[in-house]
Amino acid sequence: MVEFNLISFDVSILGTQFNAKNGIGTSIYNTSSALATSSRGPAVVTPWAETDDTSLVSRYNKIRNKSSFINENTSAVKEAGFDKDDKALFTLYAALNDLKTIAEYAKDNKTSSSLIAGLSIQFQNGLSQVDQYIRSAQLDKLVLLAGEKKSYVTSTAALGRDNRNITGQAISISNTSALSGLNGDETFTLSLSDGFGVADNLEINLAEINGDITLSSIKDLINSKILSLTELNGNGETVSKYKSRIAIEEIGDGKYGFKFNVDGIEKISLNAASSSPSLIITSSNVSSDYGAVKTGTLTEYSNLDGSGLTKSYSHEIAGIDENGFVIPADLSEKNSEATKSTTVKYETTPTAVKVDSQGNSYVVGTTQGDFGGQINGAQTSDVFLSKFDSVGNLLWSRLLGASDEAEGFDLAIDSDDNVIIAGKTNEELITSDVFSGTDSFITKYSGKGEELWTRQLDTISTDQANSLITDANGDIYFTGQVNGRFDTTTTNQGGSDAVLVKLGGASGIVLETTQFGTSANDYGRKIAIAEDGNLLVLSEENGNAVIRKLDKNNLDSTLASYDVGNLSGGKVTGISVVGSEIYISGSTLSGGLNGGTVTSAYNGGKDGFVTKLTDNGASLSADWTSYLGTGSSDELAGIDVYNGAVYVAGTTGGTLAGGTRSGLTDGFAVKLNASTGAVDWQQQLAGTTGYNQVTGIAVVQSGTSVLDKLGLPSGTIDHTQTRDLATQTSLRAGDNFYFTVNGGRKIKVDIREGDTFDRLVTRINALSTRNLKASITYGENGPALKLEARNGATIDFISEADGRDALSKLGLEERSIISSEVLFNLDNEEYGPDNLGGIFALGLNKAFSFSTRKEAEYIFNQLDNAIKVIQSAHRSLTYDPIKAQVLEAAKNNFGPAPAFLQDRLARYQDGLQRVLAITGGTII
């Protein structure tokens, strides 16, 4: 028997000898430092020639406080000399090695879980620097790609899909368990229509159910009622008039609720008599954990009779990173499944909430993250608007589409259930914006989320809109502040002044403005419509709370005013009007306000306060003031009045009488008697262990009903939306981006009014002729944009520099894409000393971050692969004669495959066709 011994041979020695002989830059691989130095000649010592054998803790401690990961001035990088490729590779190696250490430290079981969030922040900062460096690095023989080796990119932004079905909230652990909280005699109305004719109204009476009231028994009752509605078809046969049905759905793990499967264009409406009003409260919350992010909460509270608030639902409101990543299944484990990365949340603050005639809640605020599938293209923050149904289901969200920084402060709902939001922005929202600086903006949306118009008040001064209201004609008034003159018709009184502006509801055209205040700083905070139709503006003027009544026909004319007194550093936060009664809320560090009779004494420190005034037509007078809070710092966020009761909500740093403290600050709610100001009840609201802050309050007059107990929304339910770019993404008309073909001239792609992906695709293809192919691809989030390089071209995408960047809002980046022919060397260029280098993709994802050890471990492995690609790219710069010989020999290996290989290939293709018959697709 003959034994063969495989002799290991480093082919790079031949490469080094050949390159040295022919004057080509060479490398030393896996050698000791001494050997590398003694034999280097023209060779380059790689930074990975020596390994770091120190402990993980020691390696991480070296970079614990590192914030700059790209450094071209290290000794290792200097080894590259003037070689651009090696300089970039060695710089990237050092950065990736540091990031790998961070990921390794995060995945280590000895590392505290509380540190992972902070490690991820440091990691993301470094990853962003690596990404930017790859895009800007000056290279010679190499092309480096941060992501995957693909000839195309696909927009993260998609246009979504209409889902006409109606899913309720989970209310039971099984289909057959008796439902609690029901008496058995509740009724509600189910209305159905075919979208054209008059709706049919069905009364659903739970008393008709024999036995326990369960999900199954209610489902059977409702479906039997729907089946009772019949009509004759074209053949004269009696058939069911409607195809929509109610079913039972698992909503959450092991919890069940109702789902209406709505057929075609049929429409469903649900209505029931309410038993009592409820409160909608928005808040911001941030835990005390290291690296915690502030997010918002929308909560409905029922049971307002004083026996203790009941939480009907509570939902987090948070901007996220839509660009997540997927950890693939482990093929070595039988039951392993692919898992999506933990959702990364960004700072989000809801600032106001209002309820429409159907019981839907609208929330406006500010976020740094993506929202509702829309990509946040703002440099700092953008404004969000979200609509929720009566049981808290999110119906849609919109981003304003700011380019730098914008904040949303208030919203109003008109008689047609359109919603109008107000705030400020420091960059262009509309193309007519000329002057730089912070401007007020007003945007009007339909109830379906269509942007009807946006008005940016482009003044030469700095201004912002703080609060707004609509009148009976649908016209809009907002109040705010301006530093300087608001327009040519107004005069600055000194410092910042309060402003009042009237806009036409149909178009947003400015109809009238006024500016008022003292020689100090003044701010218009809140606005309301008086009983006689005139305007009530609640302002802070030189530190005093002042309410003014202004003539609706001449805003410069003040009909009445009242000075509530100096707030001593507090602020006013709310106004509500019922007939001639005016209620205002705020906070003060003074117990001596001019607010009439004190019905609840000042507690010291900062207190919330409610003051009732009477509108006497030509004058205003104060009736009573109630101070609310503890001996700590307390403030009110807003006020609403309904059915003889005043409801306020705010934030306390102390403990209310009878309350329990859960955080460093807590939210609280109070009910006052509207006539006397006496406290009916007050309740401290449970929150996180960190900071909880109430930001808005609204009374739901339709309140709670049997529908809430069944987890079903009330009102007319229609989930259809307009599916264009302006509605479903944060893009605005006038946004644009550029592309170049093979480094040629910049070609501009602009976004226009009414654009869909179809129109955008047609425009791009007309601009690019044959080198850039635009198309629409369809996924679970609906249609998205696909851009592919063709015909050997390299396409570079370039952002718009003036803040109207469409790339970021599409979820795309400044990137190069290379056609498949070049990317995968399909033209079979000859390998030789004059054809070194190539295209290398590191496989990095800009969304890489970790909240768990599993995610850190996955990213650690991806970084390890990226480092191997760096090393492979470096080796490609050295001519390898063995590789050349193998490739040359492979050319001669052609002809028909052996019979056994042909048989194996046939069986493989047969199996693949069977799989594709199930999953869809073809063999190319």
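**View 1. Ala95, a buried residue in helix α5.** In this predicted model, Ala95 has 0% relative accessibility, so it counts as buried, the cut-off being under 20%. You'll find Ala95 in helix α5, which covers residues 84-107. Which residues does Ala95 touch, not counting those up to four places away in sequence? They are Phe69, Ile70 and Val130. Take Phe69: 26 residues separate Ala95 from Phe69 in sequence, yet their C-alpha atoms sit 5.2 Å apart in space.

**View 2. The largest nonpolar core, with 49 residues.** Leu96, Ile102, Phe123 and Phe850 are the residues with the most contacts inside this core. Several elements give two or more residues to it: α3 (56-63), α5, α6 (116-136), β3 (142-145) and α13 (853-875). Which element gives the most? That's α5, with twelve residues. As general background, nonpolar side chains in soluble globular proteins tend to be buried together.

**View 3. Ile102 and the residues around it.** Let's zoom in on one residue of that core. Setting aside neighbours within four places in sequence, Ile102 is in contact with Tyr60, Ile63, Phe69, Leu119, Gln122, Phe123 and Phe850.

**View 4. Another core, of 30 residues.**

**View 5. An open sheet of four strands.** The strands come in the order β20-β21-β22-β23, and their pairing is antiparallel. Which strands are at the edges? They're β20 (348-355) and β23 (394-399), each pairing on one side only. On average, neighbouring strands here are turned by 20° against each other, direction ignored. In general, the strands of a sheet pair through backbone hydrogen bonds.

**View 6. Strands β22 and β23, side by side in that sheet.** Strand β22 takes in residues 382-388, and five bridges join it to β23. The two strands run antiparallel. To spot the pairing, look for Phe384, which stands opposite Leu399 in β23.

**View 7. Stepping back to the chain.** How many helices and strands does the chain have? It has 15 helices and 53 strands. Buried residues make up 50% of its 924 residues. Of the contacts between residues at least 6 apart in sequence, 61% join residues at least 24 apart. The accessible surface comes to about 41,700 Å², and carbon and sulfur atoms account for 47% of that.

How values were computed. Residues numbered from 1 in each chain as written. Predicted model: local features only at pLDDT ≥ 70, side-chain atom pairs only at ≥ 80, totals over all residues. Heavy atoms only, no water. Buried < 20%, exposed > 50% of the residue type's maximum accessible area, 1.4 Å probe, protein only. Contact = heavy atoms within 4.5 Å. Areas by Shrake-Rupley, 256 points an atom, 1.4 Å probe, with all protein chains shown as cover. Pairing = 2+ DSSP bridges. Axes fitted to C-alpha atoms, helices over the stretch in contact; angles between N-to-C directions. Core = buried A, V, L, I, M, F, W, Y, C linked by side-chain atoms within 4.5 Å.
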